[in-house]
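The following note comments on selected local features. Please read it alongside the sequence and the coordinates.

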Amino acid sequence: MHECRLVIDSCCDLPNDLVDWDGVTLLKFDYILDGGTFSDDLFQSVAPEAFFGAMRKGAEPTTSQLSMQTLTELFEDLAKEGTPTVYLSFSSGLSGSFDVASLVRDRIKQDYPDFELYIVDTKLASIAEGLFVFEAVKQWERGLSAKELANWAEEARYFVDCQFMVEDLDTLRRGGRIPGSVAVAGAALDVKPMLTIDVDGKLALSGVARGRKKGLKLLADYYAKNVAHNEYDNYVTIGSSDAPKDLQRLRELLEKVDDSIIFIESSIGPVIGSHVGPGMVAVAFWGSDKREKMSMTDRIAKRVRGEK
């Protein structure tokens, strides 16, 4: 018997069968392509090859954050039902959806003051968010209360590590996810950028590779250096934006590093894909506490801002 409802969003980029549970609600982000608006349904209505094929031919899809209307309708229905609820939100460092959800929650609580609704900023995206959601569903299945699950999520989010390789930085630049100067420098050097998600849930350049083959090796090396075996078993998510051969090669490299890995393979969804473009390859896993990697000056700054 589940103690609460769990709400997740499509930016987790998990296979649909891993999130299709009674009691788990999937919020679908929208994307706009060729003048039409579509919902990111984890590739249930469009194939990855078709979506990324359009981008390779010059299409430039855009995305939008979750609307206040969508969140209001969902939260109000849940409030009327009365079941305690936890929403695990796409990183606030990459979208305003977390802030909108928090605003809607505060309004709903005025009419339903006894309704338990916890909104957690995962500070993660794509398959890193997916790995986090996958474990959260397992914790939910074990019967955690809404408050317990929210508390678990607030702490566990700092232990998910990831790295991903993109073909270039131009798509991220157009989406405003990185400074233009960084994209120009990457293009001038003719390298494959390697990125990660920092402690604040924002993109950070973590290295460069001369060619995709070396980039895949760097992804496996990053895993080897940063993985922390723990009670979550050895689940690892890997994913690509329509680069199946590279994904298979990455899996082989990771298996050489650790033959105990339990893989979750994903296709990068349309919303994340709109910003990273075709050819992205990524790995996510449970690592050490990101907060411990922060510089002393950054830790001081966060304390000054009253952040954890």
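In which loop is K123 found?

1. K123 is found in the loop between β7 (117–121) and α4 (126–141); helices (H or I, at least four residues) and strands (E, at least two) are DSSP runs, numbered from the N terminus. This is a predicted model, in which local features need pLDDT of at least 70, side-chain atom pairs count only at pLDDT 80 or more, and totals for chains, interfaces and linings use all residues. Residues are numbered from 1 along each chain as its sequence is written, and side-chain values use heavy atoms, with hydrogens and water left out.

2. With a relative accessible area of 16%, K123 is buried (under 20%; exposed is over 50%, partly exposed in between; 1.4 Å probe, protein chains only). Its contacts (heavy atoms within 4.5 Å), not counting residues up to four places away in sequence, include R157, Y158, D198 and G201.

3. G201 takes a positive phi near 80 degrees in the hairpin of β9 and β10, which has 5 residues between the strands. The antiparallel strands β9 (192–197) and β10 (203–209) are joined by 6 bridges (pairing requires at least two DSSP bridges).

4. Aromatic pairs number 10 (Phe, Tyr and Trp rings, the six-membered one for Trp, with centres within 6.5 Å; planes under 30 degrees apart are stacked, over 60 edge-to-face, the rest tilted). The F29 and F90 rings are edge-to-face, because their centres are 5.8 Å apart and their planes lie at 85 degrees. The pair ties together parts 61 residues apart in sequence. F29 is buried at 2%, and F90 is buried at 5%.
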